[in-house]
Amino acid sequence: PVPTISWRRADGKQLPRKARRHRSSGLLEIPNFQQEDAGPYECVAENVRGKNVARGQLTFYAQPSWTQQIRDVRAAIEERVSWECRASGRPKPSYRWLKDGEPLLPQGRVQLEQGSLTIANVSLSDAGMYQCVAENRHGVIFTSAELSVIAIGPDFSKTLLKKLTLVKVGGEVIIECKPKASPRPTYSWKKGKDILRENER
């Protein structure tokens, strides 16, 4: 006689609630297929003369999709720059980096780790367009950002060199000099027109 057909998960889990079974055609339909729907399935055909089982494996995959992209950065000479990009996907995406369209390799000041890029002690030669590439066997995606490296002459506009009056003889005075500058400046001190030299005090 015409067999009855039923479906089940071969790993003992319940069939997804959203699954629809078409008994007349032996069709199992799973709308909006997700990671948790993947696994082994069995189709069971049975009548009074016996039973037969067919098994198949459903595998979930997804091309990469960005969860975190990189953005343009302006950095002063000798600063540290860090970017991080993240993508979802199945299988898990791998990452690589490009600078001005050419592969970027880890060396010296440049460190690469998965979706992270760090450039220590930035120089003018580091300026350019950077791309993070995420890929798996189902797709490749790119995110881009520009690194602008700026040089700044010493600027005291936001630094206060306070006039100090020493009240107690033998006390200690600290005067801070922190101008904004790139690259990092060298310092010298004068008292009046005379250059100060280090001594015991």
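Tutor: Ala127 touches Lys99, Asp100, Leu147 and Val149, leaving aside residues up to four places away in sequence. Keep in mind that this is a predicted model.

Student: Where does Ala127 sit?

Tutor: Ala127 is in the loop between strand 13 (116–119) and strand 14 (128–136).

Student: How far is Ala127 from Ile150?

Tutor: C-alpha to C-alpha, 9.1 Å in space. In sequence, Ala127 and Ile150 are 23 residues apart.

Student: How do strand 7 and strand 15 pair, parallel or antiparallel?

Tutor: Parallel, over four bridges. Strand 15 covers residues 139–150. Arg74 stands opposite Ser148 in strand 15.

Student: And how many helices and strands does the chain have?

Tutor: Zero helices and 19 strands.

Student: New topic. How many aromatic pairs are in the whole structure?

Tutor: Two. In one, the ring centres of Phe33 and Phe60 are 6.2 Å apart and the planes are at 35 degrees, so the pair is tilted. Phe33 is in the loop between strand 3 (27–29) and strand 4 (39–47). Phe60 is in the loop between strand 5 (50–58) and strand 6 (62–68), and the two are 27 residues apart. Phe33 is partly exposed, with a relative accessible area of 26%.

Student: What about Trp83 and Tyr130?

Tutor: They form a tilted pair, 5.2 Å centre to centre with 50 degrees between the planes. Trp83 is in strand 8 (residues 81–84) and Tyr130 is in strand 14, 47 residues apart.

Student: Are Trp83 and Tyr130 buried or exposed?

Tutor: Trp83 is buried, at 6% relative accessibility. Tyr130 is buried too, at 1%.

Student: Which residue lies over the face of Tyr95?

Tutor: Arg86, at 5.9 Å from the ring centre.

Student: Last one. How much of the chain counts as buried?

Tutor: 27% of the 201 residues. The accessible surface is about 15200 Å², and 49% of that belongs to carbon and sulfur atoms.

Methods
Residues are numbered from 1 along each chain as its sequence is written. This is a predicted model: local features need pLDDT of at least 70, side-chain atom pairs count only at pLDDT 80 or more; totals for chains, interfaces and linings use all residues. Side-chain values use heavy atoms; hydrogens and water are left out. Two strands pair if DSSP finds at least two bridges between them. Contact means heavy atoms within 4.5 Å. Buried means under 20% relative accessible area, exposed over 50%, partly exposed in between (1.4 Å probe, protein chains only). Accessible areas come from the Shrake-Rupley method with a 1.4 Å probe; for residues, only the protein chains shown count as cover. Rings of Phe, Tyr and Trp (its six-membered ring) pair if their centres lie within 6.5 Å; planes under 30 degrees apart count as stacked, over 60 as edge-to-face and the rest as tilted. A charge sits over a ring if NZ of Lys or CZ of Arg is within 6 Å of the ring centre and within 35 degrees of the ring normal.
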